[in-house]
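Open the model in your viewer and keep the sequence panel beside it. This tour says what to select at each stop.

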Amino acid sequence: MKKDIIIRDKTIAVLFHRNSIGIISNEGLFELVKKLPEDAMEEFISVVKKEYYDNYNKDFDVSDDSITIEIWGHVFAEQFADAIKSLTNIKLIDNLAEKINAHCAIINIGEREHDNNRFVWDGLAAFKPAIKALLF
């Protein structure tokens, strides 16, 4: 099921599946992350988790910090790829940037038993303050 979530006048499409969500990366998400990295993420995640509960009658079992770090990781990887691509006309670099962008187009966040890299984002969540300091 697809649902548009509106946070602070920004619309972000979210795909809801049992045990996972897919956040469609767009300019609205970029703006929220860049301008209000924690406040907007807390608000967004709260709405997404409520919508998930309303649809599946169960909590989405991924910590807010893990979701935040995964969103930040994808958003900044995509922005980095775009920046590198704009600096060069080298085909290999362009192809790599396109692969990164394709991978980041939908941020797939799954519960531990349904997401083979959940442990990465869960592990990085412990370093959220340091990651925030580096990114913002």
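Start with everything in cartoon view. Along the sequence, the protein follows the pattern β-β-β-α-α-α-α-β-α-α. The radius of gyration is 15 Å, close to the 14 Å that the globule rule gives for 136 residues, so the protein is as compact as a globular protein of that length. That radius is taken over C-alpha atoms, and the globule rule is 2.2 Å times the number of residues to the power 0.38. In total there are 6 helices and 4 strands. Helices (H or I, at least four residues) and strands (E, at least two) are DSSP runs, numbered from the N terminus.

A note on ground rules. This is a predicted model: local features need pLDDT of at least 70, side-chain atom pairs count only at pLDDT 80 or more, and totals for chains, interfaces and linings use all residues. Residues are numbered from 1 along each chain as its sequence is written, and side-chain values use heavy atoms, with hydrogens and water left out.

**Stop 1: S1 and S2.** Select residues 2-7 for strand S1 and 10-17 for strand S2. They run antiparallel, joined by 6 bridges. Two strands count as paired if DSSP finds at least two bridges between them. Now pick isoleucine 7: its bridge partner in S2 is lysine 10. The hairpin has 2 residues between the strands, and arginine 8 there takes a positive phi near 50°.

**Stop 2: S2 and S3.** S2 and S3 run antiparallel, with 4 bridges. Histidine 17 has serine 20 as its bridge partner in S3. Click on asparagine 19: in this hairpin, with 2 residues between the strands, asparagine 19 has a positive phi near 75°.

Stop 3: Buried means under 20% relative accessible area (1.4 Å probe, protein chains only). Next, select residues 106-110, strand S4. S4 runs antiparallel to S3, and 5 bridges join them. Isoleucine 24 finds its bridge partner in isoleucine 106 of S4.

**Stop 4: the whole chain again.** Buried residues make up 40% of the 136. Finish with the C-alpha trace, which spans about 50 × 30 × 30 Å along its principal axes.

Methods. Buried means under 20% relative accessible area, exposed over 50%, partly exposed in between (1.4 Å probe, protein chains only).
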